[in-house]
There are 2 protein chains.
Amino acid sequence: MLGSHRIVSNESANVEPVEMQGRKSLESFFNPRSVAIVGASSTPRKLGTLVLQNMRLQSFNGDIYPVNPKLTHIGALKCYRRVSELPCIPDLSVILIPAGSVVEALREHASKGIKNVIVMSAGFKEMGADGERLQNELQSVARENRIRIIGPNCLGIYDNFSRLDTFFIPRSLIQRPHYGGVSLASQSGSFVAHLMDLASFEHLGISRVINYGNKIDINESDALNYFAEDPKTKVVGIYLEGVTEGRQFLRSAEYCASKKPVVVLKTGKHESIANALTSHTGAIAGSYTSYKAAFRKSGLIEVESELEFIDTCKAIVSLPAARGRRVLIVGHAGGLGLTVADLCISEGLEIPETKKDLAESLKEGTLPYASVRNPIDLTASGSDGSAEFVLERALVERDFADIGIYLALWGLPQSSERIGEILSGIIKRSGKPVVVATLEGKKCVDKRSVFESKGIPVFFSLERAVKVAKHLNESYRGTLDD
Amino acid sequence: MLGSHRIVSNESANVEPVEMQGRKSLESFFNPRSVAIVGASSTPRKLGTLVLQNMRLQSFNGDIYPVNPKLTHIGALKCYRRVSELPCIPDLSVILIPAGSVVEALREHASKGIKNVIVMSAGFKEMGADGERLQNELQSVARENRIRIIGPNCLGIYDNFSRLDTFFIPRSLIQRPHYGGVSLASQSGSFVAHLMDLASFEHLGISRVINYGNKIDINESDALNYFAEDPKTKVVGIYLEGVTEGRQFLRSAEYCASKKPVVVLKTGKHESIANALTSHTGAIAGSYTSYKAAFRKSGLIEVESELEFIDTCKAIVSLPAARGRRVLIVGHAGGLGLTVADLCISEGLEIPETKKDLAESLKEGTLPYASVRNPIDLTASGSDGSAEFVLERALVERDFADIGIYLALWGLPQSSERIGEILSGIIKRSGKPVVVATLEGKKCVDKRSVFESKGIPVFFSLERAVKVAKHLNESYRGTLDD
């Protein structure tokens with residue numbers, strides 16, 4: 001279904017308005033029918049071997065053309081000595097050979113007419129002056145020949161729809177996440193790879209991933225433009241060190257955030273570590289104050305750490321946005337509820353007071369010694385039915401709060417697996433998010449599927465739950481357009 | 001070994017200086033030779049049944065005297081109709097009967113000469129005006145008869161040395177943590193119970209736990225005084241809603257913190273939820289600003305959430321304190337290292353720059369394309385040996401930083417289980433803490449014992465690791481006296 005926009009040349013991308021560029025210009029990268037692997041290998045542990053293996057494990061269903069002058073076959077696949085000998089012009093070529101040979105290889109790609117290339121090889125600007133010269137040469141050759149490039153010094157693309165996986169990291173090191181609505185873009189390869197592993201561990205579904213490393217051509221703005229238009233992408237997560245061009249980024253960020261929620265993690269925030277950043281992917285950070293202002297202006301949702309990144313993407317893709325900052329806390333333990341309330345207020349959320357008439361109304365469905373003051377403590381003997389009663393009255397029948405936080409503690413006498421269905425009903429009937437907060441511990445981990453089977457994510461610390469509650473409000477755009 | 005201070009009457013406690021009161025006055029609570037259980041039962045799921053069961057499961061090795069007018073035996077134990085009929089004066093009595101009968105029961109305790117009582121029953125001040133009257137009466141009877149009381153509305157004591165466990169919560173709901181150096185005090189029962197479960201899940205060893213609920217007599221100050229003097233307690237963790245008496249608390253907190261690190265979590269920080277707090281354990285919160293000032297003045301280490309509480313206790317009990325705020329970050333992934341650096345700076349830590357001579361020196365033991373700028377990126381191909389080389393040069397041979405953060409990512413080609421021993425050696429030779437940060441994910445969780453078997457804790461998110469690094473500096477008192 002993405003095929004209709006296949007292969008658009010670079011020229012048109014440069015003149016079209018921003019909102020038209022993204023998807024078409026990257027379509028051959030995310031959704032190629034044929035891929036050359038330059039530097040493919042059969043030697044165990046070589047990158048060219050790993051990429052081929054991962055493409056197979058991911059069940060890529062296009063054609064694969066290994067290129068290696070020393071081999072005639074890799075497994076059942078015919079291997080070509082050079083790209084000039086390929087039987088067709090592949091939609092995409094992935095280059096994995098040493099940095100010193102890349103420019104020459106790119107010239108051959110140009111002669112062959114190949115227009116889309118991922119240069120995974122490291123050894124460019126991130127390695128200092130010599131590498132920078134090499135990178136500039138690579139960029140010139142690409143521009144002269146109107147070849148679009150992802151990289152160098154990158155992992156390329158992982159896609160759960162086209163089943164492309166150019167990442168050379170074995171699955172024993174980085175588990176591949178299951179199919180879902182979140183797409184990721186990242187300058188850093190290791191960062192996004194570990195995010196994928198974390199997403200897999202945290203049961204977060206991923207649609208597409210792009211890592212552009214030193215980004216001599218395709219960068220964060222292109223990724224945002226593509227994801228903005230991509231119907232499979234419901235939420236975008238982006239990891240930034242620095243941006244290539246500020247105004248372009250601002251335009252793309254605003255455009256993407258107008259279409260769907262965009263979660264951003266920016267590193268190299270502080271001047272004192274700007275040097276370390278430069279040596280990482282050759283990026284220049286710029287002032288964090290300007291970034292922060294740009295994020296706010298564009299409507300991006302900023303997070304501070306890897307886990308908050310995953311949690312926030314998961315919450316936003318699974319739950320309705322919150323139309324305000326008022327939080328109702330319902331649980332079976334007083335001290336934990338109070339801790340949630342404090343954390344909420346520290347994060348700028350509000351804990352409205354249950355006024356007399358609501359409090360009296362809530363008393364009808366709760367135990368005599370329950371506390372119906374927000375944060376509500378149903379007590380350890382409180383039932384799932386009481387939780388439902390309170391949430392229904394306060395979130396569905398009345399508009400007491402914009403967000404519910406339910407404290408799930410397993411093993412209590414009256415708790416049952418019915419709670420998953422109860423919360424799912426409340427979310428549907430209220431159109432409001434209910435965030436499930438629980439504690440790490442065997443019982444709570446074992447029972448996560450009670451909620452997850454209903455599409456409700458579970459957060460294994462009070463702080464994690466409160467942070468996503470905050471971001472669920474930030475993700476509200478005044479309309480429900482997705 | 002604690003027996004020499006056994007049983008000191010209340011009179012002496014009131015005149016001795018603060019540092020002499022604590023341990024002696026609570027000794028019969030934490031370390032009784034004989035315990036009466038008033039309200040003991042054999043009916044499944046009744047609290048009196050659960051407490052008896054938990055005492056047996058915990059292998060309490062003193063004498064147990066069940067009291068229940070309707071039973072003659074519970075299992076092999078003789079059951080007494082009333083405390084007046086007990087064959088001796090037990091060191092401790094635990095009362096589990098309905099609130100309305102507690103005052104009368106306490107009068108019987110007075111006649112019998114019992115001096116130490118835990119009133120677990122709920123239904124006092126936390127239930128409003130009637131309950132408050134009952135609680136005042138209970139307090140009067142206790143004072144008249146010089147009976148010391150923990151509670152009412154509490155779980156009492158859990159002790160991994162005396163093997164006392166008065167908590168009525170079954171182990172299927174709250175796992176009991178293993179033996180270790182951290183003691184916990186809490187106003188809220190559910191909070192501390194869940195902390196115990198979390199400690200168990202997080203492999204944090206616990207020595208003693210006290211929950212005093214409505215605290216008509218024994219309170220947070222008594223607990224701090226006791227733990228200050230207790231040789232088994234290396235670190236104290238305290239959960240506060242409000243304190244009974246400000247000056248007394250300040251004195252006890254200062255005293256305890258002068259002896260060992262004290263970690264505090266205060267809830268009900270914000271005025272808007274003070275009402276909810278009152279209904280929880282009948283506490284009045286007071287202004288958080290005053291609390292914060294008191295914590296700082298006393299040298300308490302303040303945390304914000306349940307997980308930070310457990311993490312901080314674990315870090316402080318396992319690692320040396322940090323003599324300053326300078327952090328060296330060593331890892332195998334650039335973006336993650338940068339994220340750690342940002343989080344450190346946000347938490348008030350410093351990331352010193354690796355100046356030219358150190359940088360050159362570090363180059364000798366790292367890969368050519370590694371980055372020796374702090375945060376140091378050994379790259380995914382960097383070896384354990386490189387990590388050791390860098391940490392040895394920067395933390396042992398030089399005083400480049402006060403804290404090391406090592407980013408452990410498993411599955412890399414050169415990583416091995418030798419890293420546990422390496423870090424242990426660095427910590428010993430430098431006298432500095434090395435905090436192990438890793439990501440949630442199956443591999444990292446599976447390998448935690450590589451570090452934990454050497455006594456080094458592992459933190460499963462970058463943010464958690466950075467927060468403990470901060471607290472390791474706050475725990476430094478200028479001397480290494482424990």
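Predicted model: local features only at pLDDT ≥ 70, side-chain atom pairs only at ≥ 80, totals over all residues.
You'll find B:Ser59 in the loop between helix H3 (47-57) and strand E2 (63-67) of chain B. Its backbone is worth a look too: phi is positive, about 60°, although B:Ser59 is not a glycine.

Now hop over to chain A. A:Ser59 sits in the loop between helix H3 (47-57) and strand E2 (63-67) of chain A. Phi of A:Ser59 is near 60°, a positive value in a residue other than glycine. With 8 C-beta neighbours inside 10 Å, A:Ser59 counts as exposed.

## Two cis prolines

Next, some peptide bonds. In chain B, the bond from B:Gly151 to B:Pro152 is cis, with omega near -5°. B:Pro152 belongs to the loop between strand E7 (148-150) and strand E8 (156-159) of chain B.

Chain A has a cis bond to show as well: it joins A:Asn374 and A:Pro375, and omega is about 0°. Look for A:Pro375 in the loop between helix H13 (356-363) and E15 of chain A.

## A sheet in chain A

That strand E15 is part of an open sheet of five strands in chain A, with the order E15-E14-E16-E17-E18 and parallel pairing. Which strands sit at the edges? They are E15 (376-377) and E18 (458-459) of chain A, each pairing on one side only.

Further in, E14 (residues 327-331) and E16 (residues 403-407) of chain A run parallel and are joined by four bridges. For instance, A:Val327 has A:Ile403 in E16(A) as its bridge partner. Helix H12 (residues 334-346) of chain A lies across E14, E15, E16 and E17 (434-437), and runs at about 160° to E14(A).

## Domains of chain A

Chain A is assigned two domains: domain 1 (3-316) and domain 2 (320-474). Their centres, taken over C-alpha atoms, are 40 Å apart. Nine residues from domain 1 and ten residues from domain 2 make the contact. On the domain 1 side, helix H11 (residues 306-318) gives the largest share, seven residues. By class, that side has four nonpolar, two polar and three charged residues.

## Where the chains meet

How many residues of chain B touch chain A? There are 55, in contact with 54 residues of chain A. Among the elements of chain B giving two or more residues are helix H6 (189-201) and helix H18 (462-474). The largest share on this side, nine residues, comes from H12(B). Sorted by class, the chain B side has 23 nonpolar, 20 polar and twelve charged residues.

Conventions:
Residues numbered from 1 in each chain as written. Chains lettered and ligands numbered in written order. Pairing = 2+ DSSP bridges. Contact = placed C-beta atoms within 7 Å. Axes fitted to C-alpha atoms, helices over the stretch in contact; angles between N-to-C directions. Domains from an automatic or database assignment. Nonpolar A, V, L, I, M, F, W, Y, C, P; charged D, E, K, R; others polar. Buried ≥ 20, exposed ≤ 12 C-beta atoms within 10 Å, placed from the backbone.
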